[in-house]
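Please keep the structure in view while reading.

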Amino acid sequence: MAQIRGEGPQKDIDEIVRLHNLWVKANRTGSIPMMRDAFVGGDKFFGWNLNGFAYDGIEEWATLWEWLAKFKANATLGEDENLRVRVRGDMGWLSCAAPFTITLADGQPLPGSGQFRGTEVYVREDDKGKPVWKMWHCHFSWCATGPRMAFENEA
């Protein structure tokens with residue numbers, strides 16, 4: 001498990017990390033029920049997928065995953081790197097990076113497979129107003145390669 005750089009109440013950090021790990025496991029297995037457990041329900045969830053498109057509400061994410069399952073997509077998701085969690089009251093965010101590849105039945109990786117970064121926003125409220133942590137937003141994109149601008153001499 002990745003080392004966590006956390007700030008805020010430990011019990012809240014632990015619950016956000018638990019939900020993040022559930023989301024990661026859902027990605028590895030294609031489990032829509034696990035995804036539903038991690039996300040806020042109804043139309044409250046909004047996120048940017050690695051495919052570059054936005055999906056509004058949990059049902060759009062479920063439709064995407066059903067489509068991927070139809071084409072026998074297989075996800076290989078590596079271990080989290082640079083995992084950070086910050087909690088402020090009833091909101092928190094988690095960021096991390098990891099290697100990720102999606103292949104279809106023919107064994108070819110989908111374009112863009114590689115190292116990604118993600119930010120997840122959590123709110124201590126579900127779609128019914130109950131005070132439980134749920135992911136309300138995520139944004140995933142591919143990492144740049146090569147030396148960082150202004151830090152070209154980093155080792």
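The report covers the model, the first helix, the core, the strands, the pocket and some backbone angles.

## Model and conventions

The model is predicted, so local features need pLDDT of at least 70 and side-chain atom pairs count only at pLDDT 80 or more, while totals for chains, interfaces and linings use all residues. Residues are numbered from 1 along each chain as its sequence is written, and side-chain values use heavy atoms, with hydrogens and water left out.

Helices (H or I, at least four residues) and strands (E, at least two) are DSSP runs, numbered from the N terminus.

## Helix α1

Helix α1 covers residues 10-29. How far apart are the end C-alpha atoms of α1? They are 28 Å apart, which agrees with the 28 Å that 20 residues should span at 1.5 Å a residue. The expected span is 1.5 Å times one less than the number of residues in the helix. G30 follows α1 and has a positive phi, near 75°.

Several α1 residues are buried, including D12, I13, I16, V17, H20, W23 and N27. Buried means under 20% relative accessible area, exposed means over 50%, and partly exposed lies in between (1.4 Å probe, protein chains only).

H20 sits in α1. Is H20 buried or exposed? H20 counts as buried because its relative accessibility is 2%. Leaving aside neighbours within four places in sequence, H20 is in contact with D80, L83, L94, C96, E120 and Y122. Contact means heavy atoms within 4.5 Å.

## The nonpolar core

A nonpolar core is a set of buried Ala, Val, Leu, Ile, Met, Phe, Trp, Tyr and Cys residues joined through side-chain atoms within 4.5 Å. The largest one has 42 residues. W23, M35, F39, W61 and W65 have the most contacts inside this core. The elements that give two or more residues to the core include α2 (32-38), α3 (58-70), β4 (74-77) and β5 (81-88). Strands β6 (91-103), β7 (114-124) and β8 (133-142) are also among them. Helix α1 gives the most, with eight residues.

## Strand pairing

Two strands pair if DSSP finds at least two bridges between them. Strand β1 (residues 4-7) runs parallel to β5, and four bridges join them. There, E7 has R86 as its bridge partner. The pairing of β5 with β6 is antiparallel, with six bridges. R88 is bridged to M91 in β6. These two strands form a hairpin with two residues between them. G89 in the turn has a positive phi of about 65°.

Strands β6 and β7 are antiparallel over 10 bridges. L94 has E120 in β7 as its bridge partner. Strands β7 and β8 are antiparallel over nine bridges, and V121 stands opposite H137 in β8.

W93 lies in β6. W93 is partly exposed, because its relative accessible area is 34%. Its contacts are R84, V85, R86, E120 and V121, not counting residues up to four places away in sequence. W93 and P109 are 16 residues apart along the chain, and their C-alpha atoms are separated by 30 Å.

## The largest pocket

A pocket is found on a 1 Å grid over the protein atoms alone: it is an open set of points where a 1.4 Å probe fits, with protein on both sides within 12 Å along at least five of seven lines. Lining residues have an atom within 4 Å of a point. Grid points are joined across faces, edges and corners, and a volume is the space filled by probe spheres set on the points.

The largest pocket holds about 600 Å³ of space. Of its 34 lining residues, N27, L68, A75, F100 and I102 are the closest to its centre. Elements that give two or more residues to the lining are α1, α3, β4, β6, β7 and β8. Helix α1 gives the most to this lining, with seven residues.

N82 is not a glycine, yet it has a positive phi of about 50°. N82 is in strand β5. With a relative accessible area of 46%, N82 is partly exposed.

A150 is not a glycine either, and its phi is positive, about 75°. A150 lies in the segment after β8. At 65% relative accessible area, A150 is exposed.
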